[in-house]
Amino acid sequence: MASLINRKLTGLVAATFTPLTAQGEPNLPVIGPYVDYLVEKQGVLNVFVNGTTGEGVSLCTEERKRLTEEWCRRGKGKLNQVIVHVGCYSLKDSQELARHAAEAGADGIAVIAPSFFKSATADGIRRFLQEIAAEAPTLPFYYYHIPAVTGLSLRARDVLEGIDALIPTFRGLKFSGSDLMDFGQCVSYAKPHWSLLYGVDEQLLAALSMGADGAVGSTFNYLGPLVSGLLTAYGKGDVSQARTLQVGARMPGVQLYCPLYPEALTAVLSFSCRCRSFCAPP
Ligand SMILES: CC(=O)N[C@H](C=O)[C@@H](O)[C@H](O)[C@H](O)CO
Ligand SMILES: CC(=O)C(=O)O
């Protein structure tokens, strides 16, 4: 088997939602059917767990660990890659989750920049990421850039500068921003073994044309076949068809402008996986 670190992540990655019970506990029995639903109905073979859509930062580390374990256990032999978001405000919590993800059998980890106390410099962010990545030295590591949520004004390209010297496991970027100039500069700087994954589903086609290797998004939970068609059309050079699929996709328009989106997504998936689930407050 190719070592984890050498497997390039491409194609669609579903940013999974987190099913909770009415008592606010992770609804673990839903994860098995959720995996089957993604594979069989959506044709999506990679997941990004405990991220924005998964409301990871609203969960405690114990809950995140239980979810990680269940996704890794249920995904085994069915999913290609389970990427776990381990970013927290606390460095030590993030390190603990990074170690745990490795033990649980995750295929990679990702970290968002902390955003309450914002690290003013790219160097500060790189060091924060380095201290987490070092705790899981066998796992591919991805930086998760999502400026509209973190409020961080630093360009992703600046964070990438020299990052592989600090983080030998660095394997790419999840870029959830609409600044395609910054994204293009990341593409231009990237090493061939990095994956540049785009995260604003509504303009994926534009990011493909800038060089995206794949995409991580919430809408691939329910628009998998359509977006796979978009990737195929683009791959064949049929931009007209890809555009028809992109603009016809009726994507929700960046979630942040749509405050009820997590609730709506939870409802759709509760229905699809035939179970009732809830979101994390607030
Ligand atoms: C803010 C946010 O959650 N962005 C997601 C990924 O990063 C996207 O997948 C969006 O959910 C998607 O583009 C729908 O607006
Ligand atoms: C879209 C995404 O990557 C997330 O929800 O974390």
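Buried residues make up 48% of the 282 residues in the chain, where buried means 20 or more other C-beta atoms within 10 Å of a residue's own, exposed means 12 or fewer, partly exposed is in between, and C-beta atoms are placed from the backbone. This is a predicted model, in which local features need pLDDT of at least 70 and side-chain atom pairs count only at pLDDT 80 or more, while totals for chains, interfaces and linings use all residues. Residues are numbered from 1 along each chain as its sequence is written, with chains lettered from A and ligands numbered from 1 in the order in which they are written.

**Overall fold and core**

- The chain's secondary structure comes to 12 helices and eight strands; these are DSSP runs numbered from the N terminus, with H or I over at least four residues for helices and E over at least two for strands.
- Of the contacts in the chain with a separation of 6 or more, 73% are between residues 24 or more positions apart; a contact here is a pair of C-beta atoms, placed from the backbone, within 7 Å.
- The largest nonpolar core has 76 residues, and Val13, Val47, Ile83, Ile109 and Leu197 touch the most other members. Such a core is a set of buried Ala, Val, Leu, Ile, Met, Phe, Trp, Tyr and Cys residues joined through C-beta atoms within 7 Å.
- Take Val47: leaving out residues up to four places away in sequence, Val47 touches Val13, Ala14, Thr16, Leu38, Trp71, Gly75, Leu79, Val82 and Ile83.

**The annotated active site**

- An unreviewed UniProt entry lists Tyr144 and Lys174 under "active site". The pair spans 31 residues in sequence, yet no two of their C-alpha atoms are more than 4.7 Å apart, so they gather at one spot.
- UniProt positions follow the numbering used here, feature names are shortened, and annotations may be inferred rather than shown by experiment.
- Tyr144 sits in strand 5 (residues 141–145) and is buried, with 27 other C-beta atoms within 10 Å. Not counting residues up to four places away in sequence, Tyr144 touches His85, Gly87, Ala110, Val111, Ile112 and Lys174.
- Lys174 belongs to strand 6 (residues 170–175) and is buried too, with 30 other C-beta atoms within 10 Å. Setting aside neighbours within four places in sequence, Lys174 is in contact with Ala110, Tyr142, Tyr144, His145, Leu197, Gly199 and Val216.

- Thr53 is in the loop between strand 2 (46–49) and helix 2 (61–75), and it is buried, with 24 other C-beta atoms within 10 Å.
- Val216 is part of strand 8 (residues 214–217) and counts as buried, with 29 C-beta neighbours inside 10 Å. Beyond four places in sequence, Val216 is in contact with Val13, Ala15, Phe48, Lys174, Leu197 and Gly199.
- What surrounds ligand 2? The shell is Ala15, Phe48, Gly51, Thr52, Thr53, Lys174, Ser176, Gly199, Val216, Gly217 and Ser218, counting residues whose C-beta atom, placed from the backbone, lies within 6 Å of the ligand.
- By class, that shell has three nonpolar, seven polar and one charged residues. Ala, Val, Leu, Ile, Met, Phe, Trp, Tyr, Cys and Pro count as nonpolar, Asp, Glu, Lys and Arg as charged, and the others, Gly among them, as polar.

**Positive phi in the loop**

- Most residues other than glycine have a negative phi.
- Asn50 is not a glycine, yet has a positive phi of about 65°. Asn50 is in the loop between strand 2 and helix 2 and counts as buried, with 28 C-beta neighbours inside 10 Å.
- Glu55 has a phi near 55°, a positive value in a residue other than glycine. Glu55 also lies in the loop between strand 2 and helix 2, but is partly exposed, with 19 other C-beta atoms within 10 Å.

**Helix 11**

- The buried residues of helix 11 are Ala242, Leu245 and Gln246. Seen down the helix axis, they fall within an arc of 100°, so they line one face of the helix; the arc is that of the directions from the axis to the C-beta atoms.
- These buried residues pack against helix 9 (204–210) and helix 10 (224–235), while Ser240, Val247 and Gly248 are exposed on the other side.

How values were computed:
Two residues are in contact if their C-beta atoms, placed from the backbone, lie within 7 Å.
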